[in-house]
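I opened this structure today and kept notes as I went. The entries follow the order in which I looked things up.

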Amino acid sequence: MNKAEEMRHAVQQWRESGLTQKAYCEKLGIKRTTFANWVKRSKAKPGIGFIAITPPAQPTPGGIELIYPNGVRLKTSSPGKHILSELIRIW
């Protein structure tokens, strides 16, 4: 189990336990501040943040379209790296 899975599992177990964070942390032997951070992170929306993208080696006939999670679509017919960079930066 990796650290993220361990964190999600511990938070889920705490929610089901009915214990206070303090009592649960004492039971597990972890710092309450660490656990509070895990709880906060578990509430964060998944998929928010950056992902790596690589432009195609050869230009595509239709260009490139970036679709953001909120539904915003950005299209370009000239998919050079500088154009992609600008599209990402302005959003």
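**Entry 1: the strands**

I started with I64 and looked for its bridge partner in β2, which is T76. The model is predicted, so I kept to its limits: local features need pLDDT of at least 70, side-chain atom pairs count only at pLDDT 80 or more, and totals for chains, interfaces and linings use all residues. Residues are numbered from 1 along each chain as its sequence is written, and side-chain values use heavy atoms, with hydrogens and water left out.

I then took the two strands together. Strand β1 covers residues 64-67, and four bridges join β1 to β2 in an antiparallel arrangement. Two strands pair if DSSP finds at least two bridges between them. I67 stands opposite R73 in β2. Five residues lie between the strands of this hairpin, and G71 takes a positive phi near 95 degrees there.

Which side chains of β1 are buried? I64 and L66 are, and they point to one face. Strand β2, residues 73-76, has L74 and T76 on its covered face. R73 and K75 are on its uncovered face.

**Entry 2: the whole chain**

I stepped back to count elements. I found four helices and two strands. Helices (H or I, at least four residues) and strands (E, at least two) are DSSP runs, numbered from the N terminus. The order from the N terminus is α-α-α-β-β-α. The protein has 91 residues, and 21% of them count as buried.

I also checked contacts, meaning heavy atoms within 4.5 Å. Among those between residues at least 6 apart in sequence, 26% join residues at least 24 apart.

**Entry 3: helix α2**

Which residues of α2 are buried? I noted Q21, Y24 and C25. Seen down the axis of α2, these buried residues fall within an arc of 100 degrees, so they line one face of the helix. The arc is taken from the directions from the helix axis to the C-beta atoms. K22, E26 and K27 are exposed on the other side of α2. The buried residues pack against α1 (3-17) and α3. After α2 comes G29, with a positive phi near 75 degrees.

I looked at Y24 on its own. Y24 lies in helix α2. Y24 counts as buried because its relative accessibility is 7%. Leaving out residues up to four places away in sequence, Y24 touches A10, Q13, W14, S17, L19 and F35. Y24 and A10 are 14 residues apart in sequence, and their C-alpha atoms are 9.4 Å apart.

**Entry 4: α2 against α3**

Two packed helices are described by the angle between their axes and the distance between the axes. I looked up both. Helix α2 (residues 21-28) and helix α3 (residues 32-43) have axes that come within 9 Å and cross at roughly 115 degrees. Axes are lines fitted to C-alpha atoms, for helices over the stretch in contact, and angles run from 0 to 180 degrees between N-to-C directions.

Which residues meet? Q21, K22, Y24 and C25 in α2 meet R32, F35, A36 and V39 in α3. The residues of this contact divide into five nonpolar, one polar and two charged. Here Ala, Val, Leu, Ile, Met, Phe, Trp, Tyr, Cys and Pro count as nonpolar, Asp, Glu, Lys and Arg as charged, and the others, Gly among them, as polar.

**Entry 5: two more residues**

I picked S42, which is found in helix α3. S42 is partly exposed because its relative accessible area is 26%. S42 touches V11 and R15, not counting residues up to four places away in sequence. The C-alpha atoms of S42 and M7 are separated by 8.1 Å, although the two are 35 residues apart along the chain.

My last stop was Q12, in helix α1. Q12 is partly exposed, at a relative accessible area of 38%. Its C-alpha atom is separated by 9.2 Å from that of V39, 27 residues apart along the chain.

Definitions and conventions:
Buried means under 20% relative accessible area, exposed over 50%, partly exposed in between (1.4 Å probe, protein chains only).
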